[in-house]
Amino acid sequence: MSSVEREGDESRSLKHINEKCVGCGICASICPTKSIKNGPVLPIARGLVDMDYVNINEKSCCLCGLCAAACPFDALEFKIDGEDIKNMDDYPKWIKDAAIDSEACIYCKACETACPQDAIRVQRTLPNREDLVIGEIGVDQDKCISCKICEELCPGDAITVQKTGRNEYETVVDEDKCVYCLVCKRACPTDAIKAVCSSCAYQDYKFDPETFKTHGDTILNPDSCVNCGWCQEICPVDAAVVTKPFEGEASFDDEAECKGDSCHACQDVCPCNAIEIVDGQSVIDQKVCVLCGACANVCPQKCIQINRTKINLENVRSKSWNNILSSLTSGTGK
Amino acid sequence: MPVTIDTEKCGKIENCPGEGLCIKICEKGALVEKDGDVALVPENCDDCDLCIQNCPNQAISKV
């Protein structure tokens, strides 16, 4: 962990949180005193070296806090007299956000599976099986000839013909397993099985649809969320809404010599799972890219260019900060 | 065209700050360990240039 702390008229501290950092290089590119350097981003991402993504030069850092304000992953924490500038009125505010509407959510877990940062947890209670499978079944033992046709056919293994005497048998139905499909009833040569599926017979109208529903809660952890938009993309009921930190486009230079199969550095550093190698070439999915630029920085062939058109950071009151931040949206990718 | 290793800048793997990072980062098997040194297998090199970018000694280049 890299950190700087100094006491003057007020106490100021800057702390880098490596777990949240992706090594995108935005902080290094905007630091007015050039006090931030990135570590070896790709080897760190691949777990080949145990180092921090960011190193802050304690001597030259002027503790202005711009890096912390502009980090799209909240990986830099800047405090004045113990208070985080993110909570202070005078400092910039991200309007990036991700939220899941628990009312609209159907708890399908598609977002939980897709989230590249494991930031979503779906806790769900399924309806009771007994409430969904409703019916009646009985075997007329007098008519039953113990032929075992029903036992062989039953798709739920719910019927067993049990031996009860020297040459006596009883056909037993396990009602916990039976789903009243009526296969046994149709196939019985002696019409010994009486069964009905209430759901089919009554066309559901007798039942309270509430009892068929899955209930639950979907929790999004803002500390690990990177606002990539995967949840929004994949949600079948539009319950997830994401506002990304930047607007714009990541473009791929088709002239450059991408060696996707052997290199895939871009894919390895991307925090959003936005990059796929298709036919040996890197393909960026714009819909889930946050335009952080980590991929562009690690690409040895300089195949990727980040063109940001807007930074969703409000309340930037300082003119000099505004000037520096505008370099992020000038389309240079740096 | 395969990369070239500047043996003077490279030195022994045991002295490398990345502990032979180029060998670990190359997935084509174009860089291998040989008697404590990094050795190039030119026919395996795919020209991806990952090693050039990531060598902590700036010992790998293309002439």
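**Figure 1. Polar contacts across the interface of chain B and chain A in the predicted model.** The interface holds 8 residue pairs in polar contact, with both residues of each pair at pLDDT 80 or more. The elements of chain B that give two or more residues to the side touching chain A are α2 (21–25) and α3 (50–54). By residue class, this side of chain B consists of 6 charged, 4 nonpolar and 2 polar residues.

**Figure 2. Contact residues and buried area between chain B and chain A.** On the chain B side 12 residues are in contact, and they meet 17 residues of chain A. Together the two chains bury about 1200 Å², of which 55% is on carbon and sulfur atoms.

**Figure 3. Domain division of chain A.** Domain 1 covers residues 3–94, domain 2 covers 129–209 and domain 3 covers 223–329. Between the C-alpha centres of domain 2 and domain 3 of chain A the distance is 58 Å.

**Figure 4. The aromatic pair of Tyr91(A) and Trp321(A).** A search over all chains of the structure returns 2 aromatic pairs. In the pair shown, the rings of Tyr91(A) and Trp321(A) are tilted, with 55° between the planes and 6.0 Å centre to centre. Tyr91(A) sits in the loop between β6 (83–84) and β7 (93–94) of chain A, while Trp321(A) belongs to helix α12 (residues 319–326) of chain A. The pair thus links distant parts of the chain, 230 residues apart.

Conventions: Residues numbered from 1 in each chain as written. Chains lettered and ligands numbered in written order. Predicted model: local features only at pLDDT ≥ 70, side-chain atom pairs only at ≥ 80, totals over all residues. Heavy atoms only, no water. Contact = heavy atoms within 4.5 Å. Buried area = accessible area lost by both parts, 1.4 Å probe. Polar contact = N/O pair within 3.5 Å; in protein donor to acceptor, adjacent residues only side chain to side chain. Helix = DSSP H or I, 4+ residues; strand = E, 2+ residues; numbered from the N terminus. Nonpolar A, V, L, I, M, F, W, Y, C, P; charged D, E, K, R; others polar. Domains from an automatic or database assignment. Phe/Tyr/Trp six-rings, centres within 6.5 Å; stacked < 30°, edge-to-face > 60°.
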